[in-house]
Amino acid sequence: MARVISAVTALLFFMNSKAFDVEEIVPGGEVAAEIGSKLVLNCNATGCESPAFFWRTQLDYPLGGNVSNQGSSSVLTIKNVSKGHERDYLCSASCGNNNKQRTVSIRIFSFPSDPIIETSGPLVLGKPASITCRVLEVYPSDGLDLELKKGEDIMLSTTGFEDSVTTTFIPTETDIGKEITCVASLSVEAMEPKQRQTVHKLNVNYGPWKTRIAASPGTTVLEDGTLILHCVSESNPPPRIVWKKQIANETLQTIAKNHTLSIPNVQFGDSGVYICEVTNEVTNQMENRTVTVSVQGVPRLPEFSVLPSETVIEGESVTLQCSVESSPVAQFIIIRKLPSQDEILDSKDGIVHIPSVTPDDAGSYECEVENVFERRKMSITLSVKSPSSTAATFTYQPENITEVEDFDSNSATYNIPQDNSILENETSLAPKDRTSTLYILSNNDTITYAVEVFAAVTNGTEEIEIIIVKTEEADYVTPMIIGVSSVATVAGPVAAILVYISRKTKINGSYSLVRSLSP
């Protein structure tokens with residue numbers, strides 16, 4: 001019985017005991033380690049409770065890590081993997097006279113970030129541009145594959161030894177908003193290929209184009225209303241918009257710098273041509289659009305006038321002129337008012353020209369101005385004087401009067417009524433050293449004029465009577481002047497002066513007293 005028990009015990013000891021050996025390093029065979037990462041290698045021995053471990057590299061390079069032994073296992077820890085760790089590592093263990101070792105190969109790689117997509121500059125529609133896909137800090141580059149795609153179309157691809165790829169293309173309208181994809185794949189022994197990709201949306205700059213102007217309530221707006229002009233354009237990036245208005249001499253005036261131009265309380269002066277100027281500061285392209293605005297309303301500032309004046313001499317040229325501010329354009333009708341039936345005159349743009357006016361042209365005239373909103377009327381009266389009137393002027397010198405010889409014509413005009421009653425529209429013009437008055441007289445007219453006299457010796461009032469007499473001879477006139485002096489008020493009476501001057505002058509049917517009154 002004892003023999004049986006001893007045999008069983010020996011069998012069990014044999015079954016549980018193993019020969020001394022070193023297991024595969026974990027991780028074993030080939031190990032892929034990324035630069036900058038932590039790597040832990042485990043070496044285990046069997047068949048010996050406390051083997052002696054020794055780590056080394058091929059060609060005895062430094063380990064670059066820390067070794068920790070505990071019982072039948074040894075651990076090599078590399079805290080920061082670098083390219084210098086890319087080699088074979090050996091783990092040796094000895095137990096008595098027995099030596100065993102295992103080897104592991106470290107393969108280093110670096111693939112820290114996604115690819116970067118770069119363009120040569122702002123992409124402009126229709127202009128050549130280059131696009132580059134680049135992978136930073138990749139290792140080993142001979143294991144890198146790059147593929148550049150636009151949408152689903154492959155633009156360019158490379159295999160190994162390059163960490164970037166560049167291609168040139170011309171952006172088209174179909175490229176606007178399309179995606180560019182760069183796919184990078186890194187293949188390293190001892191690991192599955194790693195892949196990274198970047199998607200970049202194409203920002204194609206274009207325009208401006210299809211610029212248009214919207215006017216509210218329209219391009220025709222009523223006076224005192226509100227006009228809104230809105231300018232829109234297709235452009236990337238959004239364009240710079242400037243509103244300008246065409247003024248005199250076709251020059252342009254900047255009036256706003258935004259998409260919308262609002263003009264409240266519009267007036268006739270707001271009518272005109274407006275320009276929307278659109279500029280893309282990336283493409284350096286510009287586009288203009290114009291709109292013509294018409295502000296309409298009732299006629300304003302009507303005026304009816306006669307040139308040279310409303311009182312003219314027979315034979316003179318006369319122009320009747322009617323004007324108004326109006327939009328739409330007003331129609332002018334100039335009417336001569338007659339007792340029996342009014343006469344519509346032939347006018348052009350509100351103007352009637354009478355080359356040689358006659359007394360028959362005297363009377364009332366009316367101008368009618370009308371547009372679609374309102375009609376307005378204005379009237380004037382034209383007076384025509386006879387050309388046989390006589391211009392007579394006397395000059396009274398403010399000195400002691402001893403003698404009156406003749407008269408001078410260089411002063412203001414008085415219109416003398418035919419009934420010789422009072423002076424109408426009386427005016428006077430007094431030169432610095434004398435007082436002068438001009439009378440317009442007809443045959444047989446008689447007037448009396450009183451003038452204050454300021455002299456060194458006397459101060460009083462003189463009264464002069466002028467009588468125009470037409471002689472029997474056709475072209476001659478004999479003016480008769482009788483001067484009667486009044487009583488002096490300060491220094492005593494001034495002697496009465498009686499002057500008779502007879503001068504025959506031929507001046508084409510008119511009468512003129514031309515010589516100055518002299519002391």
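In which loop is Lys348 found? Select Lys348 to begin: this residue is found in the loop between strand S28 (343–344) and strand S29 (351–354). Helices (H or I, at least four residues) and strands (E, at least two) are DSSP runs, numbered from the N terminus.

The model is predicted, so to speak of local features a pLDDT of at least 70 is needed, side-chain atom pairs count only at pLDDT 80 or more, and totals for chains, interfaces and linings use all residues. Residues are numbered from 1 along each chain as its sequence is written, and side-chain values use heavy atoms, with hydrogens and water left out.

With a relative accessibility of 65%, Lys348 counts as exposed. Buried means under 20% relative accessible area, exposed over 50%, and partly exposed in between (1.4 Å probe, protein chains only).

S26 and S29 run antiparallel and are joined by four bridges; two strands pair if DSSP finds at least two bridges between them. Here Val318 stands opposite Ile354 in S29. Ser305 stands opposite Gln321 in S26.

Now select Glu287 and Arg289, whose side chains meet in a salt bridge (3.6 Å, N to O). A salt bridge is a side-chain nitrogen of Lys or Arg within 4 Å of a carboxyl oxygen of Asp or Glu. Glu287 is buried, with a relative accessible area of 17%, whereas Arg289, at 32%, is partly exposed.

How many salt bridges does a search of the whole structure find? The search finds 15. Select Arg107 and Glu30, whose side chains form one of them, at 3.6 Å from N to O. Arg107 lies in strand S8 (residues 98–109) and Glu30 in strand S2 (residues 29–34), so the pair ties together parts that are 77 residues apart in sequence. Both residues are partly exposed: Arg107 has a relative accessible area of 22%, and Glu30 has one of 37%.

Turn next to Glu118 and Arg134, which form a salt bridge with their closest N and O atoms 3.2 Å apart. Because Glu118 lies in strand S9 (residues 116–119) and Arg134 in strand S11 (residues 129–134), this pair ties together parts that are 16 residues apart in sequence. Glu118 counts as partly exposed at 34% relative accessibility, and Arg134 is partly exposed with a relative accessible area of 30%.

Select Leu39, Leu41, Trp55, Tyr89, Val104 and Ile106 together: they are the residues with the most contacts inside the largest nonpolar core, which has 23 residues. A nonpolar core is a set of buried Ala, Val, Leu, Ile, Met, Phe, Trp, Tyr and Cys residues joined through side-chain atoms within 4.5 Å. The elements that give two or more residues to this core are S2, strand S3 (39–46), strand S4 (52–57), strand S6 (73–78), strand S7 (88–95) and S8.

Centre the view on Leu41. Leaving aside neighbours within four places in sequence, Leu41 is in contact (heavy atoms within 4.5 Å) with residues including Ile25, Pro27, Trp55, Tyr89 and Val104. Another core, of 22 residues, lies apart from the largest one; Phe109, Val135, Val165 and Leu202 are among its residues.

**Last stop: strand S12 and its partners**

Select strand S12 (residues 144–150), which is mostly covered, with five of its seven residues buried. S12 is joined to strand S13 (residues 153–159) by six bridges, and the two run antiparallel. Asp145 stands opposite Thr159 in S13. Between S12 and S13 are two residues of a hairpin, and Gly151 in the turn has a positive phi of about 65°.

Then select strand S15 (residues 179–186), which runs antiparallel to S12 and is joined to S12 by seven bridges. Leu144 has Leu186 in S15 as its bridge partner. End at Thr181, placed in S15. Is Thr181 buried or exposed? Thr181 counts as buried, at 10% relative accessibility. Not counting residues up to four places away in sequence, Thr181 touches Ile117, Glu147, Leu148, Lys149, Gln197, Thr198 and Val199.
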